Amino acid sequence: MEFKTLFPDFESFDKGYLKVDDTHEIYFEQAGNPNGAPVVFVHGGPGCGCGANSKRFLDPTFYRIVTIDQRGCGKSRPFLELKDNNTENLAKDMEKIREHLGIDKWLVYGGSWGTTLSLYYAENYPKRVVGLILRGIFLGRDEDIKWLYQGGAGMFFPEAFDIFKAPFTEEESKDYVQSYYKYLTSDDYETKKKYGKSFSAFENSVVALEPRVISEEITDEDISMAIMECHYFVNNCFFEDNYILNNVEKIKDIPTIIIHGRYDVDCRPVGAHLLNEKLNNSKLIFPISGHTSFDPPMTHELILAQEEFKKLF
C-alpha cells in the first residue's frame, strides 16, 4: 500500500498578532486558499506551537487554513507567560481570532492536547464548528495524566522513564508533574533548561511507533512544552475531571472523524473509543501507528479525513 503524504510546502498569505487582553498577544497565520473553506489547526502540547508542517496536512487549494500559537508558546507573546493561561482563555482566543478574521464557522482540526482544546472549544461554541478532525484523543482526565507521567507509559518505555524520574527524591517521585513544575517555574533559566529537556525528552521518546533519536540540543519548544504541560496538568487542565465526556451531548451531532494510533502509548486508545461511543455522527479509525501525526499510516488517514470533509462545504 502506498501511503498518502503531506502536501508540498507552501507559504502563508497572512501573518499577524491579535492582542486579546492586557497581557497576551496571539500569533496566527493564514495559508492556502483565501476564499476557501475555513479550518483552524489546534496544536498539541500544551506549549508546542504550530510547526511549519502543520498546515501541510490540509489541501491549500481548497482550505483557508488558520494556525494559532496558543498563549505563552510559539511566536505568541510574552513567551512562557503563565498569567491567565488556562483552557477557557485559549478557547476564547480562538473565538476572538475567528471574529477578527470574519469567519462564521470553521472546521476544527486538533491533535493530542489539541483534541482536548478542540473538544472544549466545540462544547462551548458548537454553532461555530462545521466539523471535527481529531488525532490522538487526550481527554485531560486525572487518569490520563497519571498514565503518561506516573508510570503507565513508562512500562512500555522503561529506559526513557528511568531518565525522566532520575532527578527526583523518593518524596518528589510521588507526583512527577508537580515536581517538574516546581523546578520549571524556577527563576533560574538554566534550571528551566535542564528540567525542560528531561521532561520533553521522555514525551518525545514515547510518541512514535519506531524508535527515535532524541537530540541533545535544548530548544525553546522543549522548555515551553514542559512548562505549559506541567502548568496545565497540575491544574487538571483547568476543568473538572471528565469535563469533555460529561459535556459531549452538546456536540454529539457534529460530524467528527477520530483517528487514534492503535499502539499509541502517549494517549491510550480507550479514550478515543469512549468518545466515539458518545457521538452520533462520528467515525473512529485505528491506524497501525503510535501517537505522532508523522507515522506514515497516521499521516495517510489524516489526509483522507480532510478530503472527506470537503463534502461539508
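Me: What's the relative accessible area of Asp-84?
Reply: Asp-84 has 37%, so it counts as partly exposed (buried is under 20% relative accessible area, exposed over 50%, partly exposed in between, with a 1.4 Å probe and protein chains only). This is a predicted model, where local features need pLDDT of at least 70, side-chain atom pairs count only at pLDDT 80 or more, and totals for chains, interfaces and linings use all residues. Residues are numbered from 1 along each chain as its sequence is written, and side-chain values use heavy atoms, with hydrogens and water left out.

Me: OK, and where does Asp-84 sit?
Reply: In the loop between β4 and α1 (helices are DSSP runs of H or I with at least four residues, strands are runs of E with at least two, both numbered from the N terminus).

Me: What about its phi?
Reply: Asp-84 has a phi near 55 degrees, which is positive although the residue isn't glycine. Most residues other than glycine have a negative phi, and most peptide bonds are trans.

Me: Which other residue has a positive phi, near 60 degrees?
Reply: Ser-112, another non-glycine residue. You'll find Ser-112 in the loop between β5 and α2, a helix that spans 113–124.

Me: Is Ser-112 buried or exposed?
Reply: Ser-112 counts as buried, because its relative accessibility is 10%.

Me: Back to the loop between β4 and α1. Where's the cis peptide bond with Arg-77?
Reply: That cis bond links Arg-77 to Pro-78, and omega is about -5 degrees. Pro-78 belongs to the loop between β4 and α1 (87–100).

Me: And what do you get for Ser-76?
Reply: Ser-76 is also in the loop between β4 and α1. With 2% relative accessibility, Ser-76 is classed as buried.

Me: How do β2 and β4 run?
Reply: β2 and β4 are antiparallel and joined by six bridges. One detail there is that Glu-29 has Thr-67 in β4 as its bridge partner.

Me: And β7, what does it pair with on the β6 side?
Reply: β6 (residues 129–135) pairs with β7 in the parallel sense, over four bridges. Arg-135 is opposite Ile-259 in β7.

Me: What about the β8 side?
Reply: β7 and β8 (residues 282–285) run parallel as well, joined by four bridges. Here Ile-258 faces Leu-284 of β8 as the residue opposite.

Me: Are the faces of β7 covered or open?
Reply: Both faces of β7, residues 256–259, are covered. Thr-256 and Ile-258 are buried on one side, and Ile-257 and Ile-259 are buried on the other.

Methods
Pairing = 2+ DSSP bridges.
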